[in-house]
Amino acid sequence: MTYLETYQKTAISTFTAQNGLYGNYGGRYVPPVLEDKLQHLREQFFLCQNDPEFISEFHRILKEFTGRPSPLYFARRLSEYVGSAIYLKREDLNHTGSHKINNTIGQILLAARMGKRSVIAETGAGQHGVATATAAAFMGMKCKVFMGAEDASRQSMNVRRMELLGAEVVTTSLGRGTLKDAVDAALGYYIENPDSYYLLGSQVGPDPYPEMVGFFQSVIGNEARQQILEKENRLPDNLFACIGGGYNAIGLFGAFLNDDSVSIHAAEGGGAGPFLHETAATLCMGRPGVFQGTYSYALMDENDQVVPTRSVAAGLDYPGVSPQHASLKDSGRATYHLITDREAIEAFELLSRLEGIIPAIESSHAVALAMKMLEGQKDQLSIINLSGRGDKDVGRNF
Ligand SMILES: Cc1ncc(COP(=O)(O)O)c(C=O)c1O
């Protein structure tokens, strides 16, 4: 019986994964050679997740090596500009410059527990590649990172960082040379070398990855919830995050999903606008289907073929998305919005000038969405997940 058939026979909570499923979505659609490996990975993850020693080691490294907890920062001048209170969850201040390090530390510990000596990864903006290369150096493991040729050229500083950290960067010129092509190349390598550890970098792919990376990123929302209660003595009215694969967003949203008073919004990489082939807004413009090992939304044409995407943000330039977000969209618990390249670039420049914080172009989509949705609304309390810093984007000619 497939995962989907199992789901259809049972009523399952929308918010948490049950047997690798989020409502209708998720599962494990992989060749038989990977099935046992992924089942073994699920079992090992379950053991670690329930092992207090593993969890305390994970948190100790997040504190001492990556600098957690990340601050929840009141953005005074942005708040004045918009007309209501906005806090930024400063994932940009983490070691390596984004939320990605939370997951790579978790997975490298897991890989070490499983006796692995080398890891492979895919990367879009290069942030996950850098975070994986960092975690591999930290653990003394070999690291191979697959990256699309277009991304390697527009995020060249991160290619150099990965190499400095001792990783081998394998560029692929498949397709448009973006994240989807990097995932295809990494999956292809994994199928041929199933004994390597695939350190996946978002809430996508087959079970158990969505649940596992969601768990490692849940530190973001758990901290933010405690921090906003300490600072404001109440929960926020709104949460905002950008969404590519979806794990910085679920990292923040996860801790608030059961708080009905908190509205939850995510910004997709809209590219040139709502036109297939010119956008990466998967939840706004796509439909359900199986893609890269999981059942979720994907950007497809009328023949069910996944189409190339376009976004100024390499980290959002992907035609798939997390099955948990697919489920949250269908249930209406979270809303998903298309933010164009132009809107994101304006927010990138605005936040830099107003706050002295240069955001990653990915995170700028979340800032743009917050500004749009909060316009004319007073007395709102909001948190924007600032998923990464913009050093990698300053040399680009937007
Ligand atoms: C800074 C930053 N934010 C967001 C993303 C999007 O990924 P996700 O939606 O999985 O958090 C990326 C991906 O590379 C990124 O580098």
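Predicted model: local features only at pLDDT ≥ 70, side-chain atom pairs only at ≥ 80, totals over all residues.
Trainee: Let's start with the overall layout. How far apart are the centres of domain 1 and domain 2?

Mentor: The protein is divided into domain 1 (22-60 + 100-209) and domain 2 (68-98 + 218-393). Their contact takes 37 residues from domain 1 and 36 residues from domain 2. Taken over C-alpha atoms, the separation of the two centres is 22 Å.

Trainee: And which kind of residue, nonpolar, polar or charged, has what count on the side of domain 1 that touches domain 2?

Mentor: That side gets at least two residues from each of strand S2 (25-26), helix H5 (100-113), H6, H7, helix H8 (156-164) and H9. Sorted by kind, the residues there come to 14 nonpolar, 17 polar and six charged.

Trainee: Now the ligand. Which helix gives the most to the shell around the ligand?

Mentor: The ligand is surrounded by 21 residues, and Gly244, Asn248, Gly315, Glu362 and Gly388 are the closest. Helix H6 (127-139), strand S9 (238-243), helix H11 (247-253) and helix H15 (361-374) each supply at least two. The one giving the most, with three residues, is H11.

Trainee: Where does the largest nonpolar core lie relative to domain 1 and domain 2?

Mentor: This core has 117 residues, and Ala186 and Ala241 touch the most other members. Helix H10 (residues 209-232) gives the most to the core, with nine residues. Because both domain 1 and domain 2 give residues, the core lies between them.

Trainee: You mentioned Ala241. Which residues is Ala241 in contact with, leaving aside neighbours within four places in sequence?

Mentor: Contact here asks for C-beta atoms within 7 Å. With those sequence neighbours set aside, the partners of Ala241 are Asn248, Ala249, Leu252, Phe253, Ala266, Ala366, Asn385 and Ser387.

Trainee: What covers the buried residues of H9?

Mentor: Helix H9 (residues 179-192) reaches 20 Å from its first C-alpha to its last, close to the 20 Å expected. Its buried residues are Leu179, Lys180, Asp181, Ala182, Val183, Ala185, Ala186, Leu187 and Tyr190. The cover over them includes strand S5 (118-123), strand S6 (142-148), helix H7 (149-154), strand S7 (168-172) and strand S8 (197-198).

Definitions and conventions. Residues numbered from 1 in each chain as written. Near = placed C-beta within 6 Å. Helix = DSSP H or I, 4+ residues; strand = E, 2+ residues; numbered from the N terminus. Expected span 1.5 Å × (residues − 1). Buried ≥ 20, exposed ≤ 12 C-beta atoms within 10 Å, placed from the backbone. Contact = placed C-beta atoms within 7 Å. Core = buried A, V, L, I, M, F, W, Y, C linked by C-beta atoms within 7 Å. Domains from an automatic or database assignment. Nonpolar A, V, L, I, M, F, W, Y, C, P; charged D, E, K, R; others polar.
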